[in-house]
Amino acid sequence: MRRYDALKEITEILTDELVVCNLGDPSRELYNIKDRLENFYMMGSMGLSSSIAFGLAISQPKRKIWCIDGDGSILMNLGSLSTIANNAPSNLTLIIIDNGSYGSTGDQMTYTRRKTKLEIIAQGAGFESISVIENKTEISPILKKLGWGCHLVLIKTMPGSEQVENIPLLPEEIKKRFMDLILK
Ligand SMILES: [Mg+2]
């Protein structure tokens, strides 16, 4: 499967979860599959979607927060894994789509395609709930079963992005509609 296929599976089971999505192609793909007011699309700050999702989880304890991150992005912010695992908010699911590449800049290889194992880094960081998914059919049942808790879900995919339109929203508009939804 490719990331686009994984995102379709994830999108189909979303209800009212707040989603923070990694910048670039993942956000563009997610927007084009199904835009929701509950989606916060990163337009910059590579690597920080997990940190933003963690802050959101702490400040919105009654809502479930899903972060859709990538291997390249989490590799440049590994400290976030320790912060999340040690504080372990009960409403955060960190989904890392690991395609072994920096997909938004031309699919240059990341080190997860060589020796680095993110599931082992996550375990060392202190995550107690780690799921590794390699088949598309596993995504829906595993995510549905997880529920509340602090979970890390690693979805291994092939490299490659879907050709989709850009998100026709300014970063300020994305922030405003997301904030309006949370604070209403
Ligand atoms: Mg990647």
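## Helix α8, end to end

Helix α8 covers residues 171-183, which makes 13 residues, and its first and last C-alpha atoms lie 18 Å apart. That is close to the 18 Å expected at 1.5 Å a residue, where the expected span is 1.5 Å times one less than the number of residues. Helices here (H or I, at least four residues) and strands (E, at least two) are DSSP runs, numbered from the N terminus. This is a predicted model, in which local features need pLDDT of at least 70 and side-chain atom pairs count only at pLDDT 80 or more, while totals for chains, interfaces and linings use all residues. Residues are numbered from 1 along each chain as its sequence is written, and side-chain values use heavy atoms, with hydrogens and water left out.

Which residues of α8 are buried? They are I174, R177, F178, L181 and I182. Buried means under 20% relative accessible area, exposed means over 50%, and partly exposed is in between (1.4 Å probe, protein chains only). Looking down the axis of α8, you find its buried residues within an arc of 135°, so they line one face of the helix. The arc is taken from the directions that run from the helix axis to the C-beta atoms. On the other side of α8, the exposed residues are E172, K176 and L183. The buried residues pack against β1 (18-21), β2 (39-41) and α3, with contact meaning heavy atoms within 4.5 Å.

Now turn to helix α5 (residues 79-87), whose buried residues are S80, L81, I84 and A85. These cover an arc of only 125° around the axis, which puts them on the same side of α5.

What do the buried residues of α5 pack against? Their partners are the helices α3 (49-59), α4 (71-75) and α6 (118-125), together with the strands β4 (91-98) and β8 (149-156). Just after α5 comes A88, which takes a positive phi of about 40°.

## The magnesium site

The magnesium ion has three protein donors to look for: D71 (OD), N99 (OD1) and S101 (O), at 2.1 to 2.2 Å from the ion. D71 lies in helix α4 and S101 in strand β5 (residues 101-102), so the pair ties together parts that are 30 residues apart in sequence. Donors are N, O and S atoms within 2.8 Å of the metal (3.2 Å for Na, K and Ca), and since water is not among the atoms, sites may look incomplete. Along the chain, the donors of the magnesium ion follow the spacing D-x27-N-x1-S.

Is S101 buried or exposed? S101 counts as buried, at 3% relative accessibility, and D71 is buried too. Setting aside neighbours within four places in sequence, S101 is in contact with D71, D107, Q108, M109, T110, R113 and P159.

## Salt bridges

Side chains of opposite charge can pair when their charged atoms come close. How many salt bridges does a search of the whole structure find? It finds seven, counting a salt bridge as a side-chain nitrogen of Lys or Arg within 4 Å of a carboxyl oxygen of Asp or Glu.

One of them joins the side chains of R2 and E162 (2.5 Å, N to O). R2 sits in the segment before α1 (3-13) and E162 in the loop between β8 and α8, so this pair ties together parts that are 160 residues apart in sequence. R2 is partly exposed at 23% relative accessible area, and E162 is partly exposed at 27%.

Another salt bridge links D25 and R28 (2.6 Å, N to O). Being three residues apart in helix α2 (residues 25-33), D25 and R28 are separated by about one helical turn. D25 is buried, with a relative accessible area of 12%, whereas R28 is partly exposed, with 24%. The side chains of E38 and R36 also meet in a salt bridge (4.0 Å, N to O), and both of these residues are buried.

In helix α1 you can pick out T11, which counts as buried at 8% relative accessibility. Leaving aside neighbours within four places in sequence, T11 is in contact with L30, I33 and K34.

Finally, look for E138 in helix α7 (residues 136-146). E138 counts as partly exposed, at 27% relative accessibility. The C-alpha atoms of E138 and E9 are separated by 9.5 Å, and these residues are 129 residues apart along the chain.
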